[in-house]
Amino acid sequence: MHALLLLGLVGAVLGDSCTDYNHPKFGKVGKCISKSCCAFGTYISDLCSGDKACCFAQDNCGSGSVLGGCPNIVSRSAWGARSPTSITYLTKQPVHYAFIHHGESASCTTQSSCSAIVRSYQNYHMDTHGWSDIGYSFLVGEDGNAYEGRGWDRVGAHTQGYNSVGLAFCMIGSFDSRVPNAAAIATVKRMIACGVSKGKISQSYVLRGHRDMGSTSCPGQALYNLIRTWPHY
């Protein structure tokens, strides 16, 4: 499946238009643009005319915005979350910051393996740090799924001094020497765009890595170098 999604191979249902095609990973978010402009090669060739292809990721030649709506978000109950010991809600939305973290753990490419890692993060945060819940707002796996942490509306425990003015997106894995795969990168960008569309993140948000706000190597050197090239950094 991933090879078909990420290498731009054909395979759409005959007769579908780009805007009508329900992509198995990204949904109905396609847009006909030049193949060379479609980030990560996430396109299907036979849904558009001429030299254009149906792109399901970022238009690198256009506004830089991520195409389409929200990605699939695995709910807390679906990944097996423990109940929080307390909840504090954000008092001001949309928030000003979107923070990128990494979990400094093994990576994962299936929902079951990603869910297991997310549970381990929650156990560490609650049992070792004594926090009320997993610290991050959302997490993103290399299976292309987002995982609900504290969600859009709750104060997290992720970026000291900024928890009440930002949301945190943790990339599952360790990204000092490599960047996350194309599916994960597309998903975290769509999550931020999703937050903007829902009024949870400001349209003029500031993107930062964890290390920008404190003394830490997070989100890993390779990922940090990447996010510094993204819009809003």
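These legends describe close-up views of a predicted model. Residues are numbered from 1 along each chain as its sequence is written. Local features need pLDDT of at least 70 and side-chain atom pairs pLDDT 80 or more, while totals for chains, interfaces and linings use all residues; side-chain values use heavy atoms, without hydrogens and water.

**View 1. The open sheet.** Six strands make up an open sheet of mixed pairing, in the order E4-E7-E6-E8-E5-E9. Strands (E, at least two residues) and helices (H or I, at least four) are DSSP runs numbered from the N terminus, and two strands pair if DSSP finds at least two bridges between them. At the edges, strand E4 (73–74) and strand E9 (201–209) each pair on one side only.

**View 2. Strands E6 and E7.** Strand E6 (residues 138–140) pairs with strand E7 (residues 146–148) in the antiparallel sense, over three bridges. Val140 has Ala146 in E7 as its bridge partner.

**View 3. Helix H3 on the sheet.** Helix H3 (residues 111–128) lies across E4, E6, E7 and strand E8 (166–171). H3 runs at about 40 degrees to E7; axes are lines fitted to C-alpha atoms, for helices over the stretch in contact (heavy atoms within 4.5 Å), and angles run from 0 to 180 degrees between N-to-C directions.

**View 4. Residues of the largest pocket.** Among the 21 residues lining the largest pocket, His101, Trp131, Tyr136, His158 and His210 lie nearest its centre. A pocket is an open set of points on a 1 Å grid over the protein atoms alone, where a 1.4 Å probe fits, with protein on both sides within 12 Å along at least five of seven lines; lining residues have an atom within 4 Å of a point. H3 gives the most to this lining, with three residues.
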